[in-house]
Amino acid sequence: MVDIVAFKKMISRRSLLTGSPLVAATAVSLDCLTPGEAMAQQAKLSQALSKYQDTPKNGQQCSTCSHFVAPSSCAIVVDPIVAQGWCQFYAKLATP
């Protein structure tokens, strides 16, 4: 059973009001995408979590990664990315 008094202490009016702009911004940004695009972006990892950067690292870059989807997308990291970028999930393209 949920203790109502404890629940009210956890969610104050101030925390509810400070979180509202974030919820509204998320709703607006997801509304700009088609339903399929929104689902695809939600399934991807954030650029911060992936340690994505716009520059290559040690000769590794997105354009030579197996996850890269030309011209500026990635199968596992949230768009947009650049071909010269890099993230910790870099996997060299297999050459036949």
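**Reading the labels in a predicted model**

There are three helices and two strands in the protein chain, and the model is a predicted one. Along the sequence these elements follow the pattern α-α-α-β-β.

Colleague: Why is Ser50 called buried?

Modeller: The relative accessibility of Ser50 is 0%. Buried means under 20%, so Ser50 counts as buried. This residue lies in the loop between H3 and E1.

Colleague: What does Ser50 touch, leaving out residues up to four places away in sequence?

Modeller: Ser50 touches Leu45, Val77, Cys87, Gln88 and Phe89.

Colleague: Why does Leu49 count as exposed?

Modeller: Leu49 is also found in the loop between H3 and E1. The cut-off for exposed is over 50%, and Leu49 has 53% relative accessibility, so Leu49 counts as exposed. Together with Leu45 and Phe89, Leu49 forms a nonpolar patch on the surface, with about 240 Å² of accessible area together.

Colleague: What makes the pair Asp79 and Lys44 a salt bridge?

Modeller: The closest N and O atoms of the pair are 3.2 Å apart. The definition asks for a side-chain nitrogen of Lys or Arg within 4 Å of a carboxyl oxygen of Asp or Glu, so the pair qualifies. The two residues belong to distant parts of the chain, 35 residues apart: Asp79 is in the segment after strand E2 (73–74), and Lys44 is in the loop between helix H3 (35–43) and strand E1 (68–69). A search of the whole structure finds one salt bridge.

Colleague: How do you know whether Asp79 and Lys44 are buried, partly exposed or exposed?

Modeller: Asp79 has a relative accessible area of 26%. Lys44 stands at 15%, and the limit for buried is under 20%, so Lys44 counts as buried.

Colleague: Which residues make up the largest nonpolar core?

Modeller: This core has seven residues: Tyr52, Cys62, Phe68, Cys74, Val77, Ile81 and Cys87. In soluble globular proteins, nonpolar side chains tend to be buried together. Leaving aside neighbours within four places in sequence, Cys87 is in contact with Ser50, Lys51, Tyr52 and Val77.

Colleague: How many residues does the protein chain have, and what share counts as buried?

Modeller: The protein chain has 96 residues, of which 15% count as buried. The chain exposes about 7300 Å², and carbon and sulfur atoms supply 66% of that area.

Key:
Residues numbered from 1 in each chain as written. Predicted model: local features only at pLDDT ≥ 70, side-chain atom pairs only at ≥ 80, totals over all residues. Heavy atoms only, no water. Core = buried A, V, L, I, M, F, W, Y, C linked by side-chain atoms within 4.5 Å. Buried < 20%, exposed > 50% of the residue type's maximum accessible area, 1.4 Å probe, protein only. Contact = heavy atoms within 4.5 Å. Helix = DSSP H or I, 4+ residues; strand = E, 2+ residues; numbered from the N terminus. Patch = residues over 30% accessible without salt bridge, like charges linked within 9 Å, V, L, I, M, F, W, Y side chains within 5 Å. Areas by Shrake-Rupley, 256 points an atom, 1.4 Å probe, with all protein chains shown as cover.
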